[in-house]
Amino acid sequence: MSVDVLYPKPGPTLIGTQSNMKEQIRPAPSPSSRNIHYKATPSGHQVAPTYRISTVEAARSSQDISGHSADIQQRFDHNHIIYDNTTDTTYLRGRLLGKGGFARCYEILNLNTNKICAGKIISKTRISKPHQKQKILREVQLQKILKHKHVVEFINYFEDDNNVYIILENCNRKSLVHVLKHRKYMTEPEVRYYLRQLVDGVGYVHGNQIIHRDLKLGNMLLNNEMELKLADFGLATRVDFAGEKKMTVCGTPNYIAPEVLQKKGHSFEADIWAVGCITYALLVGRPPFETTTLKETYLRITENNYVLPPSLSTSAKNLIRKCLHAEPTSRPTL
């Protein structure tokens, strides 16, 4: 699908730009605070030691963040320690970024690398049933294979006695929801800038035989360079063979395709419908089928009842019409 139907522009207006945060590197613990392991050469001579921090020592050392900037010390709570024993990595939990479904997402600081990540934390009390655990594992298995500049990077997955942790790339410019809330609506050149990246990312995901199934403004995250990143693969699924149709009704109401609602079976075309809804929302300021009630929204979706404002260009209208075609096979492909 081409996005050249919208007017070109070098890039978007940067919204809410903040100065880049400068972090000081945390001094490494002294050798005396570590378990020291020497490697021996064939001749019996010792070479430079390697260090391994035990679980208890890692937790204890992580409580000292005095070597970090004042901003870091304020943002991360040394009383909330997360330890990954699979990689011997210690994290500090910071502010809440968002929540939904079973999970809460926090900003977290990797004390081994001084890198700020996003930590999706799921309490095991909320995923006690087998199908709930399977859903989390499916999300991890799908996202860990995706390596693309417009897909949020998967870093690691681990668990402890209380929680499951999914460590992801941190996108500190929040999402297109926040941009749209500030701007009310965007110009066509600005929308074209983001749409190019969205189509690039979705095309890559589809190329890996994965349907996202929850494309929406809130899952379009932005990094420091205002580059778009596809996030949240909690509802994603793999297409196992050509022509396979999925029957699960899932997604976010304002972005759900009619074939999903009507249980006719759906595939990649459901994501293209969502791309049309996203394009409309960015240009107009709200999703095309939004109403005050869920019942009315679903009725409008199944009837393909929406209005294109006359202020939109002909090319923008045509793109939206193609993506929101009632017949899935008539929508553009990536």
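**View 1. The side chain of Arg 331 reaches the backbone oxygen of Glu 269 at 3.0 Å.** This is a polar contact, defined as a pair of N or O atoms within 3.5 Å, where within protein one must be able to donate a hydrogen and the other to accept it, and where residues adjacent in sequence count only if both atoms are side-chain atoms. The model is predicted, so local features need pLDDT of at least 70 and side-chain atom pairs count only at pLDDT 80 or more, while totals for chains, interfaces and linings use all residues. Residues are numbered from 1 along each chain as its sequence is written, and side-chain values use heavy atoms, with hydrogens and water left out. Arg 331 lies in the segment after α9 (314–323) and is buried, with a relative accessible area of 3% (buried means under 20%, exposed over 50%, partly exposed in between, with a 1.4 Å probe and protein chains only). Not counting residues up to four places away in sequence, Arg 331 touches residues including Trp 273, Lys 322 and His 325, contact meaning heavy atoms within 4.5 Å.

**View 2. Asn 254 sits in the loop between β12 (237–238) and α6 (258–261).** Asn 254 is buried, with a relative accessible area of 17%, and, leaving aside neighbours within four places in sequence, is in contact with Cys 277, Pro 287, Phe 289, Glu 290 and Thr 297.

**View 3. Helix α5 (residues 188–207) has 20 residues and is mostly covered.** From first C-alpha to last, α5 reaches 27 Å, close to the 28 Å expected at 1.5 Å a residue, and 15 of its 20 residues are buried. After α5 comes Gln 209, whose phi is positive, near 60°.

How values were computed. Helix = DSSP H or I, 4+ residues; strand = E, 2+ residues; numbered from the N terminus. Expected span 1.5 Å × (residues − 1).
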